[in-house]
Amino acid sequence: MKLEIFNKHTRGRVELIRTYSYVTYTDDFYGQGTFELRIPTNDPCIDYLTFGTYVYFDDGIVGIVKG
């Protein structure tokens, strides 16, 4: 699965997540879904995963980092 990180202000792509051990998302038809992403703590892309950052899944799903 291809995962991309987008800037919350410019909405431009800033990083591609290449290494992850687990990813899942639950799509809710009437509201907000959830997603979980596990990446190594020494991965440089972890610095980009801040509050409000967008994560684009290759299935056309976009998640927003909330915590």
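This is a short exchange about a predicted model and the terms used to describe it.

Modeller: Local features need pLDDT of at least 70, side-chain atom pairs count only at pLDDT 80 or more, and totals for chains, interfaces and linings use all residues. Residues are numbered from 1 along each chain as its sequence is written, and side-chain values use heavy atoms, with hydrogens and water left out.

Biologist: What makes up the secondary structure of the chain?

Modeller: Six strands and zero helices. Helices (H or I, at least four residues) and strands (E, at least two) are DSSP runs, numbered from the N terminus. Along the sequence the pattern is β-β-β-β-β-β.

Biologist: Why is the chain called as compact as a globular protein of that length?

Modeller: The radius of gyration is taken over C-alpha atoms, and the globule rule is 2.2 Å times the number of residues to the power 0.38. For 67 residues the rule gives 11 Å, and the chain has 11 Å, so it is as compact as a globular protein of that length. The C-alpha atoms fill a box of roughly 35 × 30 × 20 Å along the principal axes.

Biologist: Why is glutamate 4 called buried?

Modeller: Buried means under 20% relative accessible area, exposed over 50%, partly exposed in between (1.4 Å probe, protein chains only). Glutamate 4 has 9%, so it is buried. Of the 67 residues, 24% count as buried.

Biologist: What surrounds glutamate 4?

Modeller: Glutamate 4 lies in strand S1 (residues 3-6). Leaving aside neighbours within four places in sequence, it is in contact (heavy atoms within 4.5 Å) with Arg13, Glu15, Leu16, Tyr54, Val55 and Tyr56.

Biologist: What joins the side chains of glutamate 4 and arginine 13?

Modeller: A polar contact of 3.1 Å. The term covers a pair of N or O atoms within 3.5 Å; within protein, one must be able to donate a hydrogen and the other to accept it, and residues adjacent in sequence count only if both atoms are side-chain atoms.

Biologist: Why is asparagine 7 called partly exposed?

Modeller: Its relative accessible area is 25%, so asparagine 7 is partly exposed. Asparagine 7 sits in the loop between S1 and strand S2 (13-17).

Biologist: Which residues does asparagine 7 contact, leaving aside neighbours within four places in sequence?

Modeller: Gly12, Val14 and Tyr54. A polar atom of the asparagine 7 side chain also lies 3.0 Å from the backbone nitrogen of threonine 10. Tyrosine 48 is 41 residues from asparagine 7 in sequence, and 8.1 Å away in space, C-alpha to C-alpha.
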